[in-house]
Amino acid sequence: MFIWILITTITSELPLISIKYLLSSFKKMDIVDFMSYMKEEYGVVIRKEKILYCIQDSDLYYDPIMEKIYFDKEYYYEEF
């Protein structure tokens, strides 16, 4: 079901559900590593801009300096 959600949403709103699903396990991930993971594990190529666009209005947090995606701001603050 996860892959079905991913494929059906890839053209409209990058699978925000999928990003949240993956980050619920990892809690944080470098954005380049995330793109590589998606390509290697699921054969899906996702542009960085598309990921950033989709997470900007969510509870996920992106740090542009470190280029990491966090499950939420709490995990971001815990890192420091």
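**Entry 1: salt bridges**

I counted five salt bridges, taking a salt bridge as a side-chain nitrogen of Lys or Arg within 4 Å of a carboxyl oxygen of Asp or Glu. The model is predicted, so I note that local features need pLDDT of at least 70 and side-chain atom pairs count only at pLDDT 80 or more, while totals for chains, interfaces and linings use all residues. Residues are numbered from 1 along each chain as its sequence is written, and side-chain values use heavy atoms, with hydrogens and water left out.

I looked up Asp59 and Lys20, whose side chains meet in a salt bridge at 2.8 Å, N to O. Asp59 sits in the loop between H4 and strand S2 (61-63), and Lys20 in helix H2, 39 residues apart. Helices (H or I, at least four residues) and strands (E, at least two) are DSSP runs numbered from the N terminus. Asp59 is partly exposed at 45% relative accessibility, and Lys20 is partly exposed at 27%. For these terms, buried means under 20% relative accessible area, exposed over 50%, and partly exposed in between, with a 1.4 Å probe and protein chains only.

I then examined Lys28 and Glu79, where the closest N and O atoms of the salt bridge are 2.4 Å apart. Lys28 lies in strand S1 (residues 28-30) and Glu79 in the segment after helix H5 (73-78), so this pair ties together parts 51 residues apart in sequence. Lys28 has a relative accessible area of 37% and Glu79 one of 24%; Lys28 is partly exposed, and Glu79 is partly exposed. Salt bridges with shared partners join Lys28, Lys68 and Glu79 into one network.

I also recorded Glu49 with Arg47, a salt bridge at 3.6 Å, N to O. Arg47 is exposed, at 57%.

**Entry 2: helices H3 and H4**

I found that H3 (residues 31-42) and H4 (residues 48-55) pack at about 110°, with axes 10 Å apart. The two helices are therefore roughly perpendicular, a label for angles of 65 to 115 degrees. In their contact (heavy atoms within 4.5 Å), Ile31, Phe34 and Met35 of H3 meet Lys48, Ile51 and Leu52 of H4. I sorted these contact residues into five nonpolar, no polar and one charged.

**Entry 3: the nonpolar core**

I traced the largest nonpolar core to 15 residues; such a core is a set of buried Ala, Val, Leu, Ile, Met, Phe, Trp, Tyr and Cys residues joined through side-chain atoms within 4.5 Å. Ile19, Leu23, Phe34, Ile51, Ile55 and Ile69 touch the most other members. Helix H2 (16-26), H3 and H4 each give two or more residues, and H3 gives the most, with four.

Note on methods. Axes fitted to C-alpha atoms, helices over the stretch in contact; angles between N-to-C directions. Parallel < 35°, antiparallel > 145°, perpendicular 65-115°, else oblique. Nonpolar A, V, L, I, M, F, W, Y, C, P; charged D, E, K, R; others polar.
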